[in-house]
Amino acid sequence: MKKIGVLDIQGSVEEHFAILDSISKDRFEPVLVKTIEDINGLSGLVLPGGESTAIDSLLQKYNLDNEIVSQAKNGMFVWGTCAGAIILSELGLIDIGIERNAYGGQLHSFETELEFNGKKIPGVFIRAPKINRVGEGVEILSKHDGGAVAVRKNNILVTTFHPELTDNITVHEYFVEMCL
Amino acid sequence: MQKNTPKLKKGLAQMLKGGVIMDVVNAEQARIAEDAGAVAVMALERVPSDIRADGGVARMSDPKMIKEIMAEVSIPVMAKVRIGHFVEAQILEALEVDYIDESEVLTPADEKYHIDKSNFKIPFVCGCRNLGEALRRISEGATMIRTKGEAGTGNIVEAVRHMRTVNEETEALQKMNDSELEKYSEEERTALDLLKEVISLGRLPVVNFAAGGIATPADAALMMQLGCDGVFVGSGIFKSDDPAGRAKAIVEAVMNFESPKILAKASEGLGEAMPGLEIDLLEQKYAGR
(Lines give C-alpha, C1' and ligand atoms only; values in the text may rest on other atoms or scores of the structure.)
Protein backbone atom coordinates (compact mmCIF):
# COMPACT_ATOMS: atom_id res chain seq x y z
CA MET A 1 0.00 0.00 0.00
CA LYS A 2 1.17 3.53 -0.73
CA LYS A 3 2.50 5.47 2.24
CA ILE A 4 2.04 9.13 3.07
CA GLY A 5 4.37 10.42 5.77
CA VAL A 6 4.30 13.29 8.23
CA LEU A 7 7.72 14.69 9.12
CA ASP A 8 7.99 14.04 12.86
CA ILE A 9 10.56 16.55 14.03
CA GLN A 10 8.43 19.16 15.76
CA GLY A 11 5.12 21.03 15.45
CA SER A 12 1.63 20.04 14.31
CA VAL A 13 2.62 16.43 13.59
CA GLU A 14 -0.21 14.69 15.48
CA GLU A 15 -2.82 16.98 13.93
CA HIS A 16 -1.76 16.15 10.35
CA PHE A 17 -1.41 12.47 11.17
CA ALA A 18 -4.89 12.29 12.76
CA ILE A 19 -6.58 13.80 9.69
CA LEU A 20 -4.64 11.59 7.25
CA ASP A 21 -5.50 8.56 9.38
CA SER A 22 -9.19 9.49 9.40
CA ILE A 23 -9.40 9.85 5.60
CA SER A 24 -7.07 7.00 4.59
CA LYS A 25 -9.90 4.41 4.19
CA ASP A 26 -7.41 1.73 3.13
CA ARG A 27 -6.27 3.90 0.23
CA PHE A 28 -2.87 4.58 1.81
CA GLU A 29 -1.00 4.13 5.08
CA PRO A 30 -0.13 7.27 7.08
CA VAL A 31 3.31 7.05 8.75
CA LEU A 32 5.53 9.20 10.95
CA VAL A 33 8.91 10.09 9.49
CA LYS A 34 12.08 10.73 11.50
CA THR A 35 14.90 9.10 9.52
CA ILE A 36 16.27 8.78 5.99
CA GLU A 37 14.99 5.17 5.92
CA ASP A 38 11.49 6.41 6.79
CA ILE A 39 11.50 8.75 3.76
CA ASN A 40 12.47 5.99 1.38
CA GLY A 41 9.48 4.66 -0.55
CA LEU A 42 6.98 7.34 0.46
CA SER A 43 4.42 8.51 -2.10
CA GLY A 44 3.93 11.75 -0.25
CA LEU A 45 5.37 13.69 2.67
CA VAL A 46 3.78 16.43 4.77
CA LEU A 47 6.04 19.05 6.36
CA PRO A 48 3.91 20.27 9.27
CA GLY A 49 3.59 23.65 10.91
CA GLY A 50 6.07 24.48 13.65
CA GLU A 51 9.12 26.65 13.95
CA SER A 52 11.03 26.58 10.70
CA THR A 53 14.43 27.40 12.26
CA ALA A 54 14.11 24.49 14.71
CA ILE A 55 12.88 22.03 12.06
CA ASP A 56 15.51 23.21 9.60
CA SER A 57 18.46 22.71 11.95
CA LEU A 58 17.37 19.13 12.73
CA LEU A 59 16.72 18.37 9.04
CA GLN A 60 20.31 19.36 8.35
CA LYS A 61 21.69 17.54 11.38
CA TYR A 62 20.31 14.21 10.14
CA ASN A 63 20.83 14.97 6.45
CA LEU A 64 17.07 14.66 5.93
CA ASP A 65 17.02 17.85 3.86
CA ASN A 66 19.10 16.29 1.06
CA GLU A 67 17.01 13.13 1.15
CA ILE A 68 13.75 15.09 0.83
CA VAL A 69 15.16 17.04 -2.12
CA SER A 70 16.38 13.92 -3.92
CA GLN A 71 13.13 12.01 -3.32
CA ALA A 72 11.04 15.02 -4.39
CA LYS A 73 13.09 15.18 -7.60
CA ASN A 74 12.26 11.51 -8.09
CA GLY A 75 8.57 12.32 -7.91
CA MET A 76 7.67 12.15 -4.19
CA PHE A 77 4.80 14.55 -3.48
CA VAL A 78 5.52 17.07 -0.74
CA TRP A 79 3.14 19.43 1.04
CA GLY A 80 4.46 22.13 3.39
CA THR A 81 2.18 24.01 5.77
CA CYS A 82 3.42 27.30 7.25
CA ALA A 83 6.92 26.39 8.55
CA GLY A 84 6.85 23.56 6.00
CA ALA A 85 6.18 26.13 3.28
CA ILE A 86 9.27 28.11 4.31
CA ILE A 87 11.38 24.95 4.26
CA LEU A 88 10.17 23.92 0.77
CA SER A 89 11.11 27.33 -0.53
CA GLU A 90 14.52 27.19 1.19
CA LEU A 91 15.20 23.72 -0.22
CA GLY A 92 14.56 25.16 -3.68
CA LEU A 93 11.77 22.67 -4.38
CA ILE A 94 9.35 25.38 -5.52
CA ASP A 95 10.06 28.74 -7.09
CA ILE A 96 8.36 31.18 -4.74
CA GLY A 97 9.54 34.06 -2.58
CA ILE A 98 8.55 33.74 1.05
CA GLU A 99 8.72 36.22 3.91
CA ARG A 100 8.71 34.86 7.47
CA ASN A 101 6.30 36.23 10.12
CA ALA A 102 5.12 38.66 7.47
CA TYR A 103 1.88 39.59 9.23
CA GLY A 104 3.66 40.24 12.56
CA GLY A 105 3.65 38.42 15.92
CA GLN A 106 0.92 36.35 17.57
CA LEU A 107 -1.30 39.43 18.10
CA HIS A 108 -1.71 39.52 14.31
CA SER A 109 -2.51 35.83 13.81
CA PHE A 110 -5.98 35.45 12.28
CA GLU A 111 -8.75 33.16 11.13
CA THR A 112 -10.61 33.82 7.90
CA GLU A 113 -12.58 32.07 5.19
CA LEU A 114 -10.67 31.10 2.06
CA GLU A 115 -11.56 29.69 -1.30
CA PHE A 116 -9.28 26.77 -2.11
CA ASN A 117 -9.51 25.23 -5.55
CA GLY A 118 -13.13 26.44 -5.79
CA LYS A 119 -14.20 25.28 -2.30
CA LYS A 120 -14.81 27.39 0.79
CA ILE A 121 -12.49 26.41 3.67
CA PRO A 122 -11.43 27.91 7.02
CA GLY A 123 -7.98 29.51 6.94
CA VAL A 124 -6.00 29.56 10.20
CA PHE A 125 -2.92 31.79 9.97
CA ILE A 126 -0.52 31.67 12.95
CA ARG A 127 2.52 33.97 12.79
CA ALA A 128 2.25 33.06 9.14
CA PRO A 129 4.68 33.71 6.30
CA LYS A 130 3.64 35.51 3.10
CA ILE A 131 4.32 34.36 -0.44
CA ASN A 132 5.63 37.54 -2.02
CA ARG A 133 6.69 36.17 -5.41
CA VAL A 134 5.31 33.34 -7.51
CA GLY A 135 7.62 31.84 -10.13
CA GLU A 136 6.76 30.69 -13.61
CA GLY A 137 4.35 27.80 -13.87
CA VAL A 138 3.36 27.97 -10.19
CA GLU A 139 -0.40 27.62 -9.89
CA ILE A 140 -2.22 29.74 -7.28
CA LEU A 141 -4.87 27.65 -5.50
CA SER A 142 -5.97 30.18 -2.89
CA LYS A 143 -5.58 33.89 -2.21
CA HIS A 144 -6.09 36.12 0.79
CA ASP A 145 -6.09 39.90 0.52
CA GLY A 146 -4.79 39.65 -3.03
CA GLY A 147 -1.75 37.49 -2.14
CA ALA A 148 -1.24 33.78 -2.78
CA VAL A 149 -1.65 31.59 0.33
CA ALA A 150 -1.77 28.18 -1.38
CA VAL A 151 0.27 27.30 -4.46
CA ARG A 152 1.28 24.21 -6.37
CA LYS A 153 3.80 23.29 -8.97
CA ASN A 154 3.89 19.70 -10.17
CA ASN A 155 4.46 17.51 -7.09
CA ILE A 156 4.93 20.33 -4.58
CA LEU A 157 2.05 21.88 -2.60
CA VAL A 158 2.43 24.88 -0.30
CA THR A 159 -0.04 26.45 2.13
CA THR A 160 0.89 29.30 4.46
CA PHE A 161 -2.10 28.44 6.70
CA HIS A 162 -2.96 25.41 8.85
CA PRO A 163 -5.69 23.08 7.51
CA GLU A 164 -4.54 20.60 10.20
CA LEU A 165 -5.94 22.86 12.93
CA THR A 166 -9.48 22.65 11.51
CA ASP A 167 -11.92 19.81 10.95
CA ASN A 168 -12.12 20.63 7.24
CA ILE A 169 -10.38 17.93 5.20
CA THR A 170 -10.42 19.63 1.78
CA VAL A 171 -6.70 20.35 1.49
CA HIS A 172 -5.68 16.99 2.98
CA GLU A 173 -7.99 15.27 0.49
CA TYR A 174 -6.46 17.37 -2.32
CA PHE A 175 -2.94 16.31 -1.31
CA VAL A 176 -3.94 12.65 -0.99
CA GLU A 177 -5.45 12.80 -4.50
CA MET A 178 -2.11 14.18 -5.74
CA CYS A 179 -0.25 11.26 -4.14
CA LEU A 180 -2.51 8.39 -5.22
CA MET B 1 -11.55 37.97 9.76
CA GLN B 2 -11.09 37.12 13.46
CA LYS B 3 -8.06 37.61 15.65
CA ASN B 4 -7.01 36.44 19.13
CA THR B 5 -9.50 33.54 19.18
CA PRO B 6 -8.99 30.52 21.48
CA LYS B 7 -8.15 28.47 18.37
CA LEU B 8 -5.30 30.85 17.49
CA LYS B 9 -4.08 31.03 21.09
CA LYS B 10 -4.08 27.23 21.47
CA GLY B 11 -2.78 26.89 17.92
CA LEU B 12 0.48 28.72 18.56
CA ALA B 13 1.19 26.33 21.45
CA GLN B 14 0.46 23.41 19.09
CA MET B 15 3.17 24.73 16.76
CA LEU B 16 5.69 24.51 19.62
CA LYS B 17 5.04 20.83 20.38
CA GLY B 18 8.04 18.54 20.31
CA GLY B 19 10.26 21.53 20.93
CA VAL B 20 12.38 23.23 23.58
CA ILE B 21 11.61 26.68 25.00
CA MET B 22 14.70 28.27 26.54
CA ASP B 23 15.08 30.95 29.22
CA VAL B 24 17.26 33.83 28.02
CA VAL B 25 18.29 37.05 29.73
CA ASN B 26 19.63 39.03 26.76
CA ALA B 27 19.71 39.17 22.96
CA GLU B 28 23.01 37.29 22.78
CA GLN B 29 21.56 34.29 24.63
CA ALA B 30 18.42 34.49 22.48
CA ARG B 31 20.62 34.19 19.37
CA ILE B 32 22.37 31.12 20.81
CA ALA B 33 18.98 29.57 21.67
CA GLU B 34 17.50 30.14 18.21
CA ASP B 35 20.64 28.82 16.48
CA ALA B 36 20.51 25.71 18.68
CA GLY B 37 16.97 24.97 17.50
CA ALA B 38 14.77 26.41 20.29
CA VAL B 39 11.11 26.75 19.25
CA ALA B 40 10.68 29.84 21.43
CA VAL B 41 12.54 31.84 24.05
CA MET B 42 11.39 33.02 27.46
CA ALA B 43 12.73 36.50 28.12
CA LEU B 44 13.46 37.15 31.77
CA GLU B 45 15.81 39.31 33.81
CA ARG B 46 17.43 36.55 35.84
CA VAL B 47 17.23 32.79 35.33
CA PRO B 48 15.48 31.02 38.22
CA SER B 49 18.72 29.78 39.86
CA ASP B 50 19.89 33.41 40.13
CA ILE B 51 16.49 34.52 41.48
CA ARG B 52 16.93 31.82 44.10
CA ALA B 53 20.47 32.91 44.96
CA ASP B 54 19.74 36.66 44.96
CA GLY B 55 16.46 36.55 46.89
CA GLY B 56 14.26 39.66 46.99
CA VAL B 57 11.18 40.34 44.87
CA ALA B 58 11.35 39.01 41.30
CA ARG B 59 9.29 41.02 38.80
CA MET B 60 8.48 41.33 35.09
CA SER B 61 11.59 42.10 33.02
CA ASP B 62 12.62 45.49 31.67
CA PRO B 63 10.66 46.13 28.43
CA LYS B 64 13.89 47.35 26.82
CA MET B 65 15.46 43.92 27.24
CA ILE B 66 12.34 42.17 25.98
CA LYS B 67 12.28 44.40 22.88
CA GLU B 68 15.95 43.69 22.18
CA ILE B 69 15.26 39.96 22.32
CA MET B 70 12.20 40.33 20.07
CA ALA B 71 14.35 42.23 17.56
CA GLU B 72 17.05 39.54 17.63
CA VAL B 73 15.07 36.37 16.88
CA SER B 74 12.31 35.23 14.54
CA ILE B 75 10.95 32.50 16.87
CA PRO B 76 8.16 33.38 19.33
CA VAL B 77 9.17 35.39 22.39
CA MET B 78 7.47 34.70 25.72
CA ALA B 79 7.85 36.72 28.91
CA LYS B 80 6.84 36.26 32.54
CA VAL B 81 4.49 38.23 34.77
CA ARG B 82 3.88 37.79 38.50
CA ILE B 83 0.84 35.71 39.44
CA GLY B 84 -2.17 38.04 39.55
CA HIS B 85 -0.25 41.07 38.21
CA PHE B 86 -2.58 41.99 35.36
CA VAL B 87 -0.88 45.33 34.75
CA GLU B 88 2.43 43.62 34.00
CA ALA B 89 0.40 41.51 31.55
CA GLN B 90 -1.09 44.66 30.00
CA ILE B 91 2.45 45.97 29.49
CA LEU B 92 3.60 42.72 27.83
CA GLU B 93 0.53 42.86 25.59
CA ALA B 94 1.46 46.43 24.60
CA LEU B 95 4.96 45.13 23.73
CA GLU B 96 3.28 42.45 21.56
CA VAL B 97 5.15 39.48 22.99
CA ASP B 98 3.85 36.18 21.58
CA TYR B 99 2.96 34.42 24.86
CA ILE B 100 2.72 35.49 28.51
CA ASP B 101 3.79 33.16 31.32
CA GLU B 102 1.93 33.89 34.57
CA SER B 103 4.73 32.39 36.60
CA GLU B 104 5.37 31.18 40.13
CA VAL B 105 9.08 31.79 39.51
CA LEU B 106 8.40 35.50 40.03
CA THR B 107 7.12 36.77 43.38
CA PRO B 108 3.31 36.54 43.42
CA ALA B 109 1.43 39.85 43.33
CA ASP B 110 -1.97 38.50 44.37
CA GLU B 111 -2.45 35.67 46.86
CA LYS B 112 -6.09 35.13 45.99
CA TYR B 113 -6.65 35.69 42.28
CA HIS B 114 -4.83 34.73 39.13
CA ILE B 115 -5.14 37.01 36.10
CA ASP B 116 -8.41 36.81 34.17
CA LYS B 117 -6.55 35.67 31.09
CA SER B 118 -9.51 35.42 28.73
CA ASN B 119 -9.64 39.24 28.73
CA PHE B 120 -6.27 39.45 27.01
CA LYS B 121 -5.45 39.25 23.31
CA ILE B 122 -2.06 37.63 23.95
CA PRO B 123 -2.26 33.94 24.96
CA PHE B 124 -1.12 32.72 28.38
CA VAL B 125 0.80 29.71 29.68
CA CYS B 126 0.48 28.81 33.36
CA GLY B 127 2.08 26.29 35.70
CA CYS B 128 0.37 23.39 37.46
CA ARG B 129 1.21 20.66 39.98
CA ASN B 130 -1.91 18.61 39.37
CA LEU B 131 -4.97 18.27 37.15
CA GLY B 132 -7.26 20.54 39.19
CA GLU B 133 -4.74 23.38 39.13
CA ALA B 134 -4.28 22.98 35.36
CA LEU B 135 -8.03 23.07 34.77
CA ARG B 136 -8.53 26.16 36.95
CA ARG B 137 -5.91 27.97 34.90
CA ILE B 138 -7.55 26.82 31.66
CA SER B 139 -10.93 28.09 32.96
CA GLU B 140 -9.29 31.46 33.58
CA GLY B 141 -8.19 31.50 29.93
CA ALA B 142 -4.76 29.82 29.85
CA THR B 143 -4.27 28.14 26.45
CA MET B 144 -1.07 26.31 27.33
CA ILE B 145 -0.02 24.56 30.53
CA ARG B 146 3.35 23.57 31.91
CA THR B 147 3.93 21.37 34.90
CA LYS B 148 5.74 23.50 37.47
CA GLY B 149 8.56 21.31 38.70
CA GLU B 150 10.88 23.30 40.94
CA ALA B 151 12.58 26.02 38.91
CA GLY B 152 16.24 26.88 39.36
CA THR B 153 17.17 23.62 41.07
CA GLY B 154 18.50 21.48 38.22
CA ASN B 155 16.60 18.71 40.04
CA ILE B 156 14.02 16.84 37.97
CA VAL B 157 12.18 15.18 40.85
CA GLU B 158 9.38 17.75 41.20
CA ALA B 159 8.78 17.95 37.43
CA VAL B 160 8.36 14.17 37.42
CA ARG B 161 6.02 14.30 40.41
CA HIS B 162 3.80 16.93 38.76
CA MET B 163 3.67 15.19 35.41
CA ARG B 164 2.84 11.83 37.01
CA THR B 165 0.17 13.48 39.15
CA VAL B 166 -1.54 15.02 36.12
CA ASN B 167 -1.42 11.65 34.32
CA GLU B 168 -2.72 9.68 37.30
CA GLU B 169 -5.50 12.13 38.03
CA THR B 170 -6.54 12.08 34.37
CA GLU B 171 -6.78 8.28 34.50
CA ALA B 172 -8.72 8.40 37.77
CA LEU B 173 -11.12 10.94 36.27
CA GLN B 174 -11.88 8.56 33.41
CA LYS B 175 -13.03 5.92 35.89
CA MET B 176 -15.38 8.19 37.87
CA ASN B 177 -19.15 7.84 37.80
CA ASP B 178 -21.44 10.88 37.51
CA SER B 179 -21.75 11.61 41.23
CA GLU B 180 -18.00 11.26 41.76
CA LEU B 181 -17.43 13.63 38.86
CA GLU B 182 -19.79 16.20 40.36
CA LYS B 183 -18.01 15.97 43.68
CA TYR B 184 -14.60 16.35 41.98
CA SER B 185 -15.91 19.31 40.01
CA GLU B 186 -17.04 21.05 43.23
CA GLU B 187 -13.93 20.22 45.22
CA GLU B 188 -11.53 21.28 42.47
CA ARG B 189 -13.66 24.27 41.40
CA THR B 190 -13.66 23.21 37.76
CA ALA B 191 -16.54 23.13 35.27
CA LEU B 192 -18.10 19.76 34.52
CA ASP B 193 -17.85 20.42 30.76
CA LEU B 194 -14.10 20.82 31.03
CA LEU B 195 -13.83 17.55 32.99
CA LYS B 196 -15.83 15.76 30.32
CA GLU B 197 -13.49 17.13 27.67
CA VAL B 198 -10.48 15.76 29.59
CA ILE B 199 -12.22 12.39 29.89
CA SER B 200 -12.95 12.13 26.18
CA LEU B 201 -9.47 13.30 25.14
CA GLY B 202 -7.65 11.32 27.83
CA ARG B 203 -5.42 14.33 28.36
CA LEU B 204 -5.49 18.09 28.98
CA PRO B 205 -7.37 19.99 26.26
CA VAL B 206 -4.36 22.27 25.67
CA VAL B 207 -0.67 21.67 25.01
CA ASN B 208 1.24 20.68 28.17
CA PHE B 209 5.00 21.21 28.48
CA ALA B 210 7.25 20.13 31.35
CA ALA B 211 9.29 22.69 33.28
CA GLY B 212 11.31 23.23 36.42
CA GLY B 213 14.50 21.23 36.88
CA ILE B 214 15.44 19.98 33.41
CA ALA B 215 19.25 20.09 33.15
CA THR B 216 20.28 17.27 30.80
CA PRO B 217 19.18 15.65 27.50
CA ALA B 218 18.13 12.63 29.58
CA ASP B 219 15.93 14.81 31.82
CA ALA B 220 14.21 16.23 28.74
CA ALA B 221 13.65 12.78 27.22
CA LEU B 222 12.35 11.48 30.56
CA MET B 223 9.67 14.16 30.63
CA MET B 224 8.77 13.42 26.98
CA GLN B 225 8.43 9.70 27.77
CA LEU B 226 6.14 10.61 30.65
CA GLY B 227 3.87 12.20 28.07
CA CYS B 228 4.51 15.94 27.97
CA ASP B 229 4.35 17.80 24.64
CA GLY B 230 7.69 19.60 24.93
CA VAL B 231 9.98 21.14 27.53
CA PHE B 232 10.97 24.46 29.04
CA VAL B 233 14.61 24.69 30.07
CA GLY B 234 15.43 27.54 32.40
CA SER B 235 18.72 27.76 34.22
CA GLY B 236 19.78 24.38 32.79
CA ILE B 237 21.31 25.81 29.62
CA PHE B 238 22.97 29.10 30.42
CA LYS B 239 24.19 27.96 33.86
CA SER B 240 26.07 25.01 32.31
CA ASP B 241 29.63 24.81 30.95
CA ASP B 242 28.71 24.79 27.28
CA PRO B 243 25.33 26.49 26.71
CA ALA B 244 25.28 26.16 22.89
CA GLY B 245 26.29 22.49 22.96
CA ARG B 246 23.86 21.61 25.75
CA ALA B 247 21.03 23.54 24.07
CA LYS B 248 21.53 21.58 20.83
CA ALA B 249 21.77 18.30 22.72
CA ILE B 250 18.48 18.92 24.56
CA VAL B 251 16.74 19.86 21.29
CA GLU B 252 17.99 16.59 19.77
CA ALA B 253 16.87 14.65 22.84
CA VAL B 254 13.32 15.98 22.63
CA MET B 255 13.02 14.98 18.97
CA ASN B 256 14.51 11.54 19.62
CA PHE B 257 13.20 10.92 23.12
CA GLU B 258 12.50 7.26 22.37
CA SER B 259 15.94 6.46 20.89
CA PRO B 260 18.46 5.63 23.64
CA LYS B 261 21.29 5.41 21.07
CA ILE B 262 20.74 8.96 19.87
CA LEU B 263 20.29 10.11 23.49
CA ALA B 264 23.62 8.51 24.40
CA LYS B 265 25.36 10.37 21.61
CA ALA B 266 23.66 13.65 22.43
CA SER B 267 24.67 13.33 26.10
CA GLU B 268 28.36 12.86 25.30
CA GLY B 269 31.00 15.43 26.30
CA LEU B 270 28.71 18.27 27.32
CA GLY B 271 30.84 19.29 30.32
CA GLU B 272 29.32 20.13 33.68
CA ALA B 273 25.56 20.52 33.97
CA MET B 274 24.24 23.32 36.16
CA PRO B 275 24.85 22.72 39.88
CA GLY B 276 21.81 20.99 41.37
CA LEU B 277 19.92 21.60 44.60
CA GLU B 278 18.17 19.20 47.00
CA ILE B 279 14.47 20.03 47.16
CA ASP B 280 14.25 19.37 50.92
CA LEU B 281 16.98 21.92 51.62
CA LEU B 282 15.33 24.78 49.69
CA GLU B 283 14.43 27.90 51.65
CA GLN B 284 11.65 28.73 49.22
CA LYS B 285 9.66 26.35 47.05
CA TYR B 286 8.13 28.13 44.06
CA ALA B 287 5.72 25.36 43.06
CA GLY B 288 3.40 26.02 45.99
CA ARG B 289 2.75 29.58 44.83
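Modeller: B:Asp35 and B:Arg31 both sit in helix 2 (residues 27–36) of chain B. They are four residues apart, about one turn of the helix. An α-helix has 3.6 residues a turn, so residues three or four places apart point the same way. The model is predicted. In it, the side chains of B:Asp35 and B:Arg31 meet in a salt bridge, at 3.0 Å from N to O.

Salt bridges that share partners join B:Arg31, B:Glu34, B:Asp35 and B:Glu72 into one network. Over all chains, a search of the whole structure finds 30 salt bridges.

Take B:Asp101 and B:Lys80. Their side chains meet in a salt bridge of 2.9 Å, N to O. B:Asp101 belongs to strand 5 of chain B and B:Lys80 to strand 4 (residues 77–82) of chain B, so this pair ties together parts that are 21 residues apart in sequence. Both B:Asp101 and B:Lys80 are buried.

Now take A:Arg127 and B:Asp98. Here the salt bridge is 3.1 Å, N to O. A:Arg127 lies in the loop between strand 7 and strand 8 (130–134) of chain A, while B:Asp98 lies in the loop between helix 5 and strand 5 (99–103) of chain B, so the pair joins two chains. A:Arg127 and B:Asp98 are both buried.

B:Met22 touches B:Ala33 and B:Ala36, among others. Its contacts also include B:Val233, B:Ile237, B:Ala247 and B:Val251. Where does B:Met22 belong? It is part of the largest nonpolar core, which has 84 residues. B:Met22 is one of those with the most contacts inside that core, along with A:Val158, B:Leu92, B:Met223 and B:Val231. Helix 12 (residues 243–255) of chain B gives the largest share, six residues. In soluble globular proteins, nonpolar side chains tend to be buried together.

A:Phe110 stands opposite A:Phe125 in strand 7 of chain A. Strand 6 (residues 110–116) of chain A pairs with strand 7 of chain A in the antiparallel sense, over seven bridges. The open sheet has three strands, in the order 7(A)-6(A)-1(B). Its edge strands are strand 7 (119–125) of chain A and strand 1 (2–3) of chain B, each pairing on one side only.

B:Phe86, B:Val87 and B:Ile91 make a nonpolar surface patch of about 240 Å². B:Ile91 lies in helix 5 (residues 86–95) of chain B. Its relative accessible area is 34%, so B:Ile91 is partly exposed.

Helix 6 (residues 170–179) of chain A gives a contrast. Nine of its ten residues are buried, so this helix is largely enclosed by the rest of the structure. Among the buried ones are A:His172, A:Glu173, A:Tyr174 and A:Phe175.

Notes. Residues are numbered from 1 along each chain as its sequence is written. Chains are lettered from A and ligands numbered from 1 in the order in which they are written. This is a predicted model: local features need pLDDT of at least 70, side-chain atom pairs count only at pLDDT 80 or more; totals for chains, interfaces and linings use all residues. Side-chain values use heavy atoms; hydrogens and water are left out. Patches are made of residues with over 30% relative accessible area and no salt bridge: like charges are joined within 9 Å, nonpolar side chains (Val, Leu, Ile, Met, Phe, Trp, Tyr) within 5 Å. Accessible areas come from the Shrake-Rupley method with a 1.4 Å probe; for residues, only the protein chains shown count as cover. A salt bridge is a side-chain nitrogen of Lys or Arg within 4 Å of a carboxyl oxygen of Asp or Glu. Buried means under 20% relative accessible area, exposed over 50%, partly exposed in between (1.4 Å probe, protein chains only). A nonpolar core is a set of buried Ala, Val, Leu, Ile, Met, Phe, Trp, Tyr and Cys residues joined through side-chain atoms within 4.5 Å. Contact means heavy atoms within 4.5 Å. Two strands pair if DSSP finds at least two bridges between them.
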